[in-house]
Amino acid sequence: MKNTNDSIIKNYIKKVTKLIPGTYRSRLKTELQSSINECFHDAPELTVSMLQERFGTPEHFATEYLSGMDGEELQATLARSKKQKRILTIALIALLLLLIPISIWIFTEGDRHIGYYTDKTYYHETY
C-alpha cells in the first residue's frame with residue numbers, strides 16, 4: 001500500500017502548494033513532506049480523511065501557513081510575484097508584436113523572389 005500512501009500524500013501536497021506563492025513552495029513542500037512522513041510512517045493504509053484530520057484541508061493548511069508568516073515578508077513576496085507576472089506579460093506582448101510584422105514580411109517578401117520557369121523542351125521527330 002506504499003504506492004497508495006505516496007499518491008495520497010503527493011496529491012495533498014500538490015493541492016496545498018498551488019495555494020502558496022511560488023517563492024515559498026519548495027520550502028513548504030519539503031517541510032510538509034517530512035511532517036507527513038513523520039506522522040504517518042507507521043500507517044499501513046493512509047486515507048485522505050486521516051491526512052485532513054491531522055493537517056486540515058489543503059485550503060485550511062495553506063491559510064494557516066501564510067498567516068504564520070511575517071506580514072511584511074509576505075507582502076514583499078506577493079508584490080514581487082505580481083511584478084514578475086507583469087514583466088512576463090509585457091515580454092510576451094512585445095514578442096507577439098515583433099512576430100506579427102516579421103510573419104507578414106516573410107509571407108509577402110518570400111513570394112517576390114520566386115521565379116517562374118517554363119519548360120521549353122523541343123522534340124524532334126526523326127523519320
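Read along the sequence, the protein chain follows the pattern α-α-α-α-α, with 5 helices and 0 strands, where helices (H or I, at least four residues) and strands (E, at least two) are DSSP runs numbered from the N terminus. This is a predicted model, in which local features need a pLDDT of at least 70 and side-chain atom pairs count only at pLDDT 80 or more, while totals for chains, interfaces and linings use all residues. Residues are numbered from 1 along each chain as its sequence is written, and side-chain values use heavy atoms, with hydrogens and water left out.

Confidence is given as pLDDT, the predictor's own score for each residue on a scale from 0 to 100. The protein chain averages 82, and 84% of the residues score at least 70. Where pLDDT is low, the predicted coordinates should not be read in detail.

Of the 127 residues of the protein chain, 20% count as buried; buried means under 20% relative accessible area, exposed means over 50%, and partly exposed lies in between (1.4 Å probe, protein chains only). The chain exposes about 10,600 Å², of which carbon and sulfur atoms supply 59%, the areas coming from the Shrake-Rupley method with a 1.4 Å probe. If contact is taken as heavy atoms within 4.5 Å, then among contacts between residues at least 6 apart in sequence, 65% join residues at least 24 apart.

The largest nonpolar core has 19 residues, and those with the most contacts inside it are Tyr-12, Leu-32, Ile-36, Phe-40, Leu-51, Phe-55 and Phe-61. Such a core is a set of buried Ala, Val, Leu, Ile, Met, Phe, Trp, Tyr and Cys residues joined through side-chain atoms within 4.5 Å. Helix H1 (2-18), helix H2 (22-39), helix H3 (48-55) and helix H4 (58-67) each supply at least two residues of this core, and H1 gives the most, with 5 residues. Leaving aside residues up to four places away in sequence, Ile-36 touches Ile-9, Tyr-12, Ile-13, Leu-51 and Phe-55.

Phe-55 also belongs to an aromatic pair. Rings of Phe, Tyr and Trp (its six-membered ring) pair if their centres lie within 6.5 Å, with planes under 30 degrees apart counted as stacked, over 60 as edge-to-face and the rest as tilted. By this rule the count comes to 1 aromatic pair: the rings of Phe-55 and Phe-61 have their centres 6.1 Å apart and their planes at 75°, so the pair is edge-to-face. Phe-55 is buried, because its relative accessible area is 12%, and Phe-61 likewise counts as buried at 16%. The charged end of Arg-54 sits over the ring of Phe-55, 5.1 Å from its centre, a description that requires CZ of Arg or NZ of Lys within 6 Å of the ring centre and within 35 degrees of the ring normal.

Gly-22, in helix H2, is partly exposed, with a relative accessible area of 48%; Gly-22 and Ser-81 are 59 residues apart in sequence and 7.6 Å apart in space, C-alpha to C-alpha. Lys-10, in helix H1, counts as exposed because its relative accessibility is 63%.
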